[in-house]
Amino acid sequence: MTALRRALQLRSARISLGLLVLVLLVGIFGGWLAPQDPLAQNTAAILQGPGSGQWLGTDYLGRDVLSRLIDGTGRSVFGALEAVGVAMLLGIPAGLASVVFGRVFEWVTLRFVDSLMTLPFIIFAVAVAGILGNGPNQAMLTIGVLLSALFYRITRAATLGLTSAQYVEMAELLGASKNWVIRVHVWNKVLPTIAVTTANCLAAALLAVSSLTFLGIGVQPPVSTWGGMLASDLNFLSQRPWAPVIPSLMIILTVAACNALADAIRDTTGVSPTARTGITGPAAGAGSAQGIGPAQGIGPAQAGPAQGASAR
Amino acid sequence: MSRALLEVKDLRVSVGAGTGSRPGEGGIEAVHGVSFSVGRGETVGLVGESGSGKTLACRSILGVLAPGCRIDSGAISFDGSDLLGLDRQGWDGVRGTRVAGVFQDPASYLDPSLTVGHQLSEQLRVKLGRGRREAHAEAVDLFAAMGLHRPDRVYHQYPHELSGGMVQRVLIAMAVSCDPELLIADEATTALDVTIQAEVLELLKKLQAERGLSILAVSHDLATIAELCDRVLVFYAGELVEAGTTEQVLQAPSHPYTEALLRVASVGNWERRELEVIPGNPPPVGTQHLGCGFADRCAFAVDRCRDRSIELIERAGRSVRCVRADDVALSGVRLIA
Amino acid sequence: MVALLEPAVPLAGPAEAVARPVALQWAVRFGTGLGRALAIVVPVGLVSTFVTFALGSFSNSNPAAAVLGDLATPADIARMNHQFGLDQPLLVQYWQWITAALHGDLGTSWFTTIPVADSIKQTLPVDLSLTALAMLIALLLGGAAGIAAALRPGSRFDRAVTALCAIASTVPAFVIGIGLIIVFSVLLPVLPSGGYVPFTENPVQWLRFLILPALALSLDLTADIARQLRNSLVGTLRENFVTGAEVRGLSRRRVVFRHALRNAAGPTLTVLGVRVPQLIGGAVITETLFNLPGMSKLTLDAAAQQDIPVIQGTLLVAITIVLLANVLVNGMLVRLRPQARRRSG
């Protein structure tokens, strides 16, 4: 992964990666790290501020906030990873195939992906949750399917640019098989682009997961998630106005870390996922607080609607 | 003696200065103390290679130097009033109505999202206070006067839809629309086809005759200058090296660089078979050197060309910056009147 | 000395060789542009609406179960399925649904038997109000910031704006919303944290209820607009035609606002066009947070009850808005960049 290695030369990348690794570790080992049982209620000590034994206080059912936070990390993080995984599994092969398999396939998949991108993200996820059942996997699957459109476009654009590149022609002239060319040359150049998109999509997925759990989709209480904690904190703002800060901070920092990593990779490997798909400026950062929002091409002027993990 | 319309005195311009948070720092001098004037109704030509400073001088007169360029010292006055001390509003009062400009690559100087007619109308409405309908009609008339065929159709075209010659006519129309006294034409015909070049030059001459317009024309092409101008100023490496009337300078040049330019250009000698070049390159912008900047490429250079700073000597209405001006016999071209 | 001046002949424009009135030219350009847009939008619309519709068929739910719950007998299920036309082939159902939708009929809720279209008509204005207000804020605030920063590139103000935008893009809207509630409803109880009043009833109250959610919703878009506009404008201000306008003696204000901005606005408009549908689709969170009775809330409730026609209806409306916005943005872009028209052929 030379792309990652090069990116790590930047300090911002090292900090971001460090943070992400930390979050991941907490996610994996959360159950053992939590000082107290995240589900244990103590109605005698509700809505307490920070004190001995509960470093971040207690919530409205007397549960230790810190433990809930640690416990919830895994759910949010792995949910996001699951969504991005699905997206990559669907989008990348489809994108590559659209370049290789001829015009009809290309047109059909393009229009299909356009359609995917017109579906309003969160409402659609809510609808799916309602119809297919309100489990975490269904929600992540939906996010994954909608995110796959982005991977499709990025992969396709990067591959398109390369198959007509001169060194590919040279390699073919020299007798290399098309498969070998794809494997060696195309893949090596496409990979950094995919890396950037993955980082951005992780951020977007995380936001989406938080938004959905905030709405109560994808997980059921009493199990804790970052979004869910925010939702319950809302009801008790007058007693604990500072409560939302902690889960918010977790979300913001993790999202920012993902985006910073994406930027670092982009800056150090010189790939520009924006260049070919006509994505403009910050909208290209598919991990901004809005989520995915690249100007994808529907229509002649190359401006199209793209639905993102809109955390609104 | 009536006051000259435009007076440039000892202008020094540097380029490559800082922009942004520390504007104006640094920079190298590209124009080294140039002085000249343009009288009323006179056409003056600035000749020289790229980088000789002629475009910088013109942009200084119009107040549109690129960011990073800076006027270090000198004075520019128009009709007696100083231009360099003007603020934006002051400039807005002068540009368009008293001094105008046309440039190379004319289409790029027009707003690509508006029709050419709209832009000319805008000029008339904003600068002359015309009403909408009046401005429209006057714009069409102006296009016609510039020789544009079907001016009513041209009105609704966008800049990218017109040919080079047509766009230049549009720009000229806009330049003269408010009846300025001085028109600065910076390589105005350079990128055009030869036949179109000739037509545009004719147009400029016609305008000069009809409106008493003074023209400051910049070109690296001596043929254009010969065609259009009463007086010629030869620029080299940021300095004025020769000045005089067109006949004087072209038929009997005093500076070896001028002679070299004449040899290289196709002015006058239609039987020439070989392509001639001036060997070597001009010194890079801003290099400090003692003596004549042309010495390394000059066939007549001697030691005293390189060991002292050389002044511009004025004599009998002409000026020349060469220590050997009296010694060498230079050949010019014969101009067919 | 030189040949006589010959009048210049204008370039023949595309297909307008003979004298055609200008209005007709314009109509032709507009028509082909619209046709091209529709040719892409229509198939896309069909597919996405079909997906929406087909989603319903995955559900285990049916009208009888929704209303009667466990008490539903197979006979009830069959009867109500027939009543709602659910025993027909999927494509037929889709066709009926979509053609009915074009007439404004979106079916009826399995629960309340209220026509879906009516429910939507009641709730959509809330979404539209919220989105419109958010867009307005984003345009005004983002536009002003972007322009001001572009006019002083490299200055401290410019760098501050860029930094603020970067921060604003990272903070999710619901966090901002919560923050706003904490500040303006809890700490300084100035504004309400929930509820809604239609504009037609009481404009002032309408604004009081909507200002916080609109602000929260708009902040990310504001940052994007500011950043995009600033970058575009800085680039545009360096172009030759700006110099050309200055040389003609046009004032700074006119040059910036009538010429530079027109040309720099393109990418910003694209951003807007992309985000507007996102705003609509994603207003769910904000509406839930601020307790606004909008279409998203309708969908949420319907999802909880598995009320399929309502879900399908709201999705359809959302998709339609997205496609409309897309066509609109494309149209405006083409108008702002006439030179792009040639290439898009």
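1. Contacts within chain A. In chain A, residues 24 or more positions apart account for 68% of the contacts with a separation of 6 or more, where two residues are in contact if their C-beta atoms, placed from the backbone, lie within 7 Å. The model is a predicted one, in which local features need pLDDT of at least 70 and side-chain atom pairs count only at pLDDT 80 or more, while totals for chains, interfaces and linings use all residues. Residues are numbered from 1 along each chain as its sequence is written, and chains are lettered from A and ligands numbered from 1 in the order in which they are written.

2. Make-up of chain A. Chain A holds 11 helices and zero strands, helices being DSSP runs of H or I with at least four residues and strands DSSP runs of E with at least two, numbered from the N terminus. Of the 312 residues in chain A, 55% are buried; a residue is buried if 20 or more other C-beta atoms lie within 10 Å of its own, exposed if 12 or fewer, and partly exposed in between, with C-beta atoms placed from the backbone.

3. Helix 3 of chain A. This helix covers residues 65-100, and its 36 residues reach 52 Å from the first C-alpha to the last, close to the 52 Å expected at 1.5 Å a residue; the expected span is 1.5 Å times one less than the number of residues. Just after helix 3 of chain A comes A:Gly102, with a positive phi of about 95°.

4. Chain C. In chain C there are 13 helices and zero strands, and 46% of its 345 residues count as buried. Among the contacts in chain C between residues at least 6 apart in sequence, 73% join residues at least 24 apart. Helix 4 of chain C, residues 90-102, has 13 residues and reaches 18 Å from its first C-alpha to its last, close to the 18 Å expected at 1.5 Å a residue, and just after this helix C:Gly104 takes a positive phi of about 95°.

5. The largest nonpolar core. A nonpolar core is a set of buried Ala, Val, Leu, Ile, Met, Phe, Trp, Tyr and Cys residues joined through C-beta atoms within 7 Å. The largest one has 262 residues, of which A:Ala125, A:Val126, A:Ala127, A:Leu147 and A:Ala205 touch the most other members. This core also draws at least three residues from each of domain 1 (6-229) and domain 2 (234-329) of chain B, bounds that come from an automatic or database domain assignment. If neighbours within four places in sequence are left aside, A:Val126 is in contact with A:Leu215 and A:Ile217, and with C:Val284, C:Thr299, C:Leu300 and C:Ala303.

6. The two domains of chain B. The C-alpha centres of domain 1 and domain 2 of chain B lie 27 Å apart, and 21 residues of domain 1 of chain B are in contact with 18 residues of domain 2 of chain B. On the side of domain 1 of chain B that touches domain 2 of chain B, strand 2 (26-38), strand 3 (43-47) and helix 8 (222-228) each supply at least two residues, and strand 2 of chain B gives the most, with seven residues. The residues of that side divide into 12 nonpolar, five polar and four charged, where Ala, Val, Leu, Ile, Met, Phe, Trp, Tyr, Cys and Pro count as nonpolar, Asp, Glu, Lys and Arg as charged, and the others, Gly among them, as polar.

7. Positive phi outside glycine in chain B. B:Asp10, which is not a glycine, has a positive phi of about 55°; B:Asp10 is found in strand 1 (residues 6-17) of chain B, and it counts as exposed because it has 11 C-beta neighbours inside 10 Å. B:Glu187, also a residue other than glycine, has a positive phi near 55°. B:Glu187 is found in the loop between strand 7 (182-186) and helix 7 (194-211) of chain B, and it is buried because 20 other C-beta atoms lie within 10 Å.

8. B:Phe78. This residue is found in strand 4 (residues 70-78) of chain B. Is B:Phe78 buried or exposed? B:Phe78 counts as buried, because it has 20 C-beta neighbours inside 10 Å. Leaving aside neighbours within four places in sequence, B:Phe78 is in contact with B:Leu5, B:Leu6, B:Leu83, B:Val94, B:Arg98 and B:Val99, whereas the C-alpha atoms of B:Phe78 and B:Thr55, 23 residues apart along the chain, are separated by 18 Å.
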